[in-house]
Amino acid sequence: MKLITAIIQTDRLDHVREALIQADITRITVSRVAGHGRQEDIEYYRGQKIAPSLLPKVRLDIAVNDQFVDITVDTIIKAAKHGMGEIGDGKIFITPMEECIRIRTNERGGTAI
Amino acid sequence: MVKKISTSLLLVFAAMMIHGTGWAAEAVTTDTGTTSWMLTSTALVLLMVPGLAMFYGGLVRTKNVIGTMMHSFAAMVVIGVLWPMIGYSLSFGPGILGGFIGWDPKYFMLQGIDETIMSTHIPEYVFAMFQGKFAIITPALIAGAFAERVNFKGYLLFIALWSILVYSPICHWVWAADGFLFNLGPKGAIDFAGGTVVHISSGVTALVAALFLGARRGYPKNVMHPSNLVMTMMGAGLLWVGWFGFNAGSAIASNLDTARALTVTQMAAASGAFTWMMIEFLHHGKGTSLGVASGILAGLVAITPAAGVVQPAGAFALGAIASVICYLAIMLKGKLGYDDSLDAFGVHGVGGIVGAIFLTFFIRPSWMAEAAGKVAGGWTVMQQLGVQATAVGITVAYASVVSLILLFIVEKTIGLRIGENDEMSGLDHSMHGEQGYGLINPN
């Protein structure tokens, strides 16, 4: 089992969501987050050095069984990309997942996903 | 008493005959009381536009909130420019082209009214600005029907053309002293504050636009939740408050008629909201905030044409009838499957027609007596109903045909319906490069 975390641009949310549904990945959690990626330009404001401003992003958390990792990742990459790919299109993190429990039934493991 | 009322009514209507034109520039003094109230009303009606922006903005999805609010604000911008330039002249100038529309070169840029005090004892500037607010809010109402799927530039062109070719002619027919609907029957087609001019014209256009542009992507299969009902409630509240300027200001006076209009406006709004809430209790077991907001609007829309002629009991009835019929209309929309996204037709079109037609049965007796005194053989409720139905029928037919042509022209030139990609991204990103609700971000 893996936990796939994707950080994408807000305007691609519906594209990614619909593509995932088309690919039969329907169990997702979405949150609005803010952050910055590789932004090297430190801004100056009235002579003071300040950190670059936070940009709004959308975060998707998707728990999948191992055989669904590739299709999930490919789908997100395809749908989240602007044109041929632009700075800020986002990132995907994949982490191993120890356990998954369905609260209603107390079911555990791969079938609970 | 009755005689006194009818005399004062006669005076007011005589005054209204003249104020519509402002041709007579004889030396009249300014009445500071009336002018103060009309200035206040003018501001109140403009307050309805941000109110509408909040009402509509709260009802759309998060990705479209700025785009939707901009539809209302763009009307303030575009019509705000057009109205003093040509709109006032087209609406309230003396009739040209056989009374189809008004025009008087001296009204261009309002240059000829710098000194004018109208026979209603207010500066003509106040009247022109007051009417300008109506011209602003009317096209903004239409935007509810095609929310979440129109091109911003196409929208700008559409409301500009619509204001010139639909709003101004209808406004001229109904409100200018030489308008043919103003003079239909012994005392004219009754449209006190804009049932036909504002609500039916925009509501019918809304329906035509919803049908012409087609449904939003995913409608009705996907549920589209309102982004912020709190904002919608604040918007509905601002609309209610602003409506006192809209209706009570339309007496162009500060007297008994103003008081009557204000009273019936308050009653119809409350009655509409109460009725809608009761229907929801019976139908779903819960009264919703959106239901109350819709009921408020249905009641206010229905009383708009009637505020000068009905008594409180009639206002109560009109609010209730409007809520029942608008509720049914919105349920029917679900069955028919067209996407009038924010129910611009369901509330403004239907509510406006209900008000303009049903007001006939609640006209105060003194008004009817006076109408009867003007024609040989008397004047009956059914005859006035005929006049009202004619005004409604002409407005519906004219607004729908011309709007369809304008929609077609805009769609074929600048483009009105946005592409699928832009629609999925949302208007805020694709049309404005911005996003609403910035405060939920950490900075």
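Analyst: A crossing is left-handed if the near helix is turned anticlockwise from the far one by less than a right angle, and right-handed if clockwise. Helices (H or I, at least four residues) are DSSP runs numbered from the N terminus. The model is predicted: local features need pLDDT of at least 70 and side-chain atom pairs pLDDT 80 or more, while totals for chains, interfaces and linings use all residues. Residues are numbered from 1 along each chain as written, and chains are lettered from A and ligands numbered from 1 in the order written.

User: What is the handedness of the crossing of helix 9 and helix 10 of chain B?
Analyst: Helix 9 (residues 289-303) and helix 10 (residues 312-336) of chain B have axes, lines fitted to C-alpha atoms over the stretch in contact, that lie 8 Å apart. The crossing of helix 9 and helix 10 of chain B is right-handed.

User: How are helix 9 and helix 10 of chain B oriented to each other?
Analyst: They pack at about 125 degrees, on a scale from 0 to 180 degrees between N-to-C directions. Angles under 35 degrees count as roughly parallel, over 145 as roughly antiparallel, 65 to 115 as roughly perpendicular and the rest as oblique. Helix 9 and helix 10 of chain B are therefore oblique.

User: How many residues of helix 11 of chain B are buried?
Analyst: Helix 11 of chain B covers residues 344-358. A residue is buried if 20 or more other C-beta atoms, placed from the backbone, lie within 10 Å of its own, exposed if 12 or fewer, and partly exposed in between. Helix 11 of chain B is largely enclosed by the rest of the structure, so the buried count is 14 of the 15 residues.

Definitions and conventions
Helix = DSSP H or I, 4+ residues; strand = E, 2+ residues; numbered from the N terminus. Expected span 1.5 Å × (residues − 1).
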